[in-house]
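Subject: Structure for you to look at

Dear colleague,

Here is the structure I promised to hand over, with the sequence alongside. My notes on what I found in it follow below.

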Amino acid sequence: MQVSAAGNGDYTRIAADLRTLGVRPPCLITGRLATPVGYEARCASGQTAGHNRNTTRTAILQTARGEPVAVLVRPRHRPPAYARTWTPHPLPGLRSHHGYRVYLSPR
């Protein structure tokens with residue numbers, strides 16, 4: 001139960017960090033943790049692969065033209081190719097998801 005509670009606290013913390021960085025609805029969160037963080041941030045969530053696949057790279061880039069898009073990236077992993085030139089921000093102070101960072105679409 002402690003791990004679950006810590007994870008839930010991390011989702012709230014990440015959502016607060018995203019608000020501080022200017023990510024507010026309407027917005028899109030993608031990458032690892034997109035679903036719970038998107039819920040906390042009141043943003044849509046999208047995945048381009050896996051069992052939660054519901055969008056495409058093209059759709060993400062189209063969305064980024066009109067609203068903030070945040071890509072959550074695990075430690076020691078690279079962001080998707082479409083986000084590699086976006087602005088990276090660390091996500092400090094997480095209890096269960098140390099080393100995560102977010103890449104934000106250009107404004």
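I would begin with tyrosine 103, which touches Val69, Ala70, Val71, Val73, Pro79, Ala83, Trp86, Thr87 and Pro88 when residues up to four places away in sequence are not counted, contact meaning heavy atoms within 4.5 Å. Please keep in mind that this is a predicted model, in which local features need pLDDT of at least 70 and side-chain atom pairs count only at pLDDT 80 or more, while totals for chains, interfaces and linings use all residues. Residues are numbered from 1 along each chain as its sequence is written, and side-chain values use heavy atoms, with hydrogens and water left out.

Tyrosine 103 is found in strand β5; helices (H or I, at least four residues) and strands (E, at least two) are DSSP runs, numbered from the N terminus. With a relative accessible area of 10%, tyrosine 103 is buried, where buried means under 20% relative accessible area, exposed over 50% and partly exposed in between, using a 1.4 Å probe and protein chains only. The C-alpha atoms of tyrosine 103 and proline 88 are separated by 4.3 Å, although the two residues are 15 residues apart along the chain. The side chain of tyrosine 103 also makes a polar contact with the side chain of arginine 101, at 3.5 Å; a polar contact is a pair of N or O atoms within 3.5 Å, of which, within protein, one must be able to donate a hydrogen and the other to accept it, and residues adjacent in sequence count only if both atoms are side-chain atoms.

Turning to the sheet, five strands form an open arrangement in the order β2-β1-β3-β5-β4, with mixed pairing, and two strands pair if DSSP finds at least two bridges between them. Because β2 and β4 (87-90) stand at the edges with a single partner strand each, one side of each is left without a neighbour in the sheet. Further in, β1 and β3 pair in the parallel sense over four bridges, and alanine 70 in β3 is the bridge partner of isoleucine 29.

Threonine 30 is found in strand β1 (residues 28-31) and is buried, with a relative accessible area of 3%. Its side chain reaches the backbone oxygen of glycine 46 at 2.6 Å. Leaving aside neighbours within four places in sequence, the contacts of threonine 30 include Gly46, Ile60, Leu72 and Tyr82.

Where does the nonpolar packing lie? The largest nonpolar core has 19 residues, of which Ile14, Leu18, Ile29, Val37 and Leu72 touch the most other members; such a core is a set of buried Ala, Val, Leu, Ile, Met, Phe, Trp, Tyr and Cys residues joined through side-chain atoms within 4.5 Å. At least two residues of this core come from each of α1, α2, β3 (69-73) and β5 (101-104), and α1 gives the most, with four residues. A second, separate core of ten residues includes Leu28, Ala64, Val73 and Tyr82.

Finally, the structure holds one disulfide, that is, a pair of cysteine sulfur atoms within 2.5 Å. It is formed by cysteine 27 and cysteine 43, whose sulfur atoms are 1.8 Å apart. The pair links distant parts of the chain, with cysteine 27 in the loop between α1 (2-20) and β1, and cysteine 43, 16 residues apart from it, in the loop between α2 (34-41) and β2 (44-46). Both cysteine 27 and cysteine 43 are buried.

With best wishes
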